[in-house]
Amino acid sequence: MGFSKFGLSPKLIEGVKAMGYTEPTPIQLRAIPLILEGRDVIGSAQTGTGKTAAFALPILSKLGPSGRDIRVLILEPTRELAAQVETAFRDLARFTDLQMGVVFGGVGYGKQTDSLRRGIDVLAATPGRLLDHIGRGNCRLEKVEFLVLDEADRMLDMGFLPDVRRIIDRCPKQRHTSLFSATIPPDIAELIRWTMKNPQVIEIGARRSPAENVKHVIYPVADDQKSDLLRALLDQVNYDSVIVFCRTRHRADRIGSLLKRNNHSVAILHSNRTQREREQALQGFREGRYEVLVATDIAARGLDVEEVSHVINYDVPHHPEDYVHRIGRTGRAQCTGDAFTLMVAEDRPFVEAIERFIDRKIERIKLENFTYQHSAVFENRPVQGRARGALGAVGGKTFFPRGSKKRR
Ligand code: AMP
């Protein structure tokens, strides 16, 4: 049966075939019929579940031939996601005459203005740059029929919500709206009330569970041995491609340089790098020229990088949902992957918050042939202080390492 049962237009079925998709993913099974019916949809599926095609296919199918007015608008929190979503639309719609466009900040206006003025049917955009283009008279939104607010919680985190509201104000009231968000904080709930009509909620699996096909473990370690352990892990683990997540841009730069000095081919992705550097980093990593991508959360959220064999959290994320997003980079679609988290003593409340969030205890293991220094992280006693965002979990019953365990 595959995709043929949905009643998508024949040109899109051809596009799906060309992409090599044979079976719809769970979010596609749920979302495609609803959007085809014209329902507003709230999706809580993580990225990596096929959610872009879940909204792209029914929207494109309903769109008919090119009209050269923006009829589909997809708002994204980052330039990379906007570019990625435009590519996905372009790929799926390759047998139609529909015109795609993308606008985001950090680059010149020239090419974007030209493409907007030539006329496009589908626009993927970051909010600030889109408002700039509207202000310059380069585009209008009064013909928008389909609005997609993707990664809505991240747009909120990044302070884009006022811009998003301004943009929605410029779209016709009579439209279809889809919203995707890993979590629904109160501001997003308010946005939903204000922008959506009787939305249908689609939750794939438990919203909080990380991808099922990912094995994840924690490596406790003393703070000043973190980078040694990272190097040892990379030496011992049989990885194809790995993303190393760091908490700050500065740490990402430092770890990136360290790994380069140790003869790894490394790309670095964070928001302080120029657009060109970010694109080169991503493209090189996708094409296999770099085996390691060192990234911060904001830069990496939602990125579609195929077949990442490992995710290493060099720093424990301070927001539990970021853990789920980060390890969503591995085990995407049909692949399986491993996710490792380095944990120092101060991280314990954050790790406990993550474990409560995903409702699962993450196994602690030691790396073989690595000489560990003693650290409070190996003691089963409370840590002083309280971690922001860690839901008040401090110390108490935690863990003790289970001794060494061989991996691969
Ligand atoms: P997304 O969650 O939209 O970022 O998609 C994650 C990855 O899954 C992308 O590389 C898609 O091309 C791929 N994908 C989407 N739908 C399918 C499908 N039905 N079968 C196989 N791969 C898919």
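This is a predicted model: local features need pLDDT of at least 70, side-chain atom pairs count only at pLDDT 80 or more; totals for chains, interfaces and linings use all residues.
The crossing of α4 past α12 is right-handed. On the α4 side, the contact involves Arg79, Glu80 and Gln84, which meet Gln275, Arg278, Leu282 and Arg286 of α12.

Strand β2, comprising residues 72-75, is covered on both of its faces. In a regular strand the side chains alternate between the two faces of the sheet. In β2, Val72 and Ile74 are buried on one side, while Leu73 and Leu75 are buried on the other. The strand is joined by four bridges to β4 (residues 122-125), with the two strands running parallel, and Val72 is placed opposite Val122 of β4. Four bridges likewise connect β2 with β5 (residues 146-149), again in a parallel arrangement, and the partner of Ile74 in this pairing is Val148 of β5.

With regard to the cysteines, Cys139 has a relative accessibility of 8% and is therefore counted as buried, the cut-off for this class being under 20%. Cys171, with a relative accessible area of 6%, is buried as well. A disulfide is a covalent bond between the sulfur atoms of two cysteines; the structure contains zero disulfides.

Key: Residues are numbered from 1 along each chain as its sequence is written. Side-chain values use heavy atoms; hydrogens and water are left out. A disulfide is a pair of cysteine sulfur atoms within 2.5 Å. Buried means under 20% relative accessible area, exposed over 50%, partly exposed in between (1.4 Å probe, protein chains only). Two strands pair if DSSP finds at least two bridges between them. A crossing is left-handed if the near helix is turned anticlockwise from the far one by less than a right angle, and right-handed if clockwise. Contact means heavy atoms within 4.5 Å.
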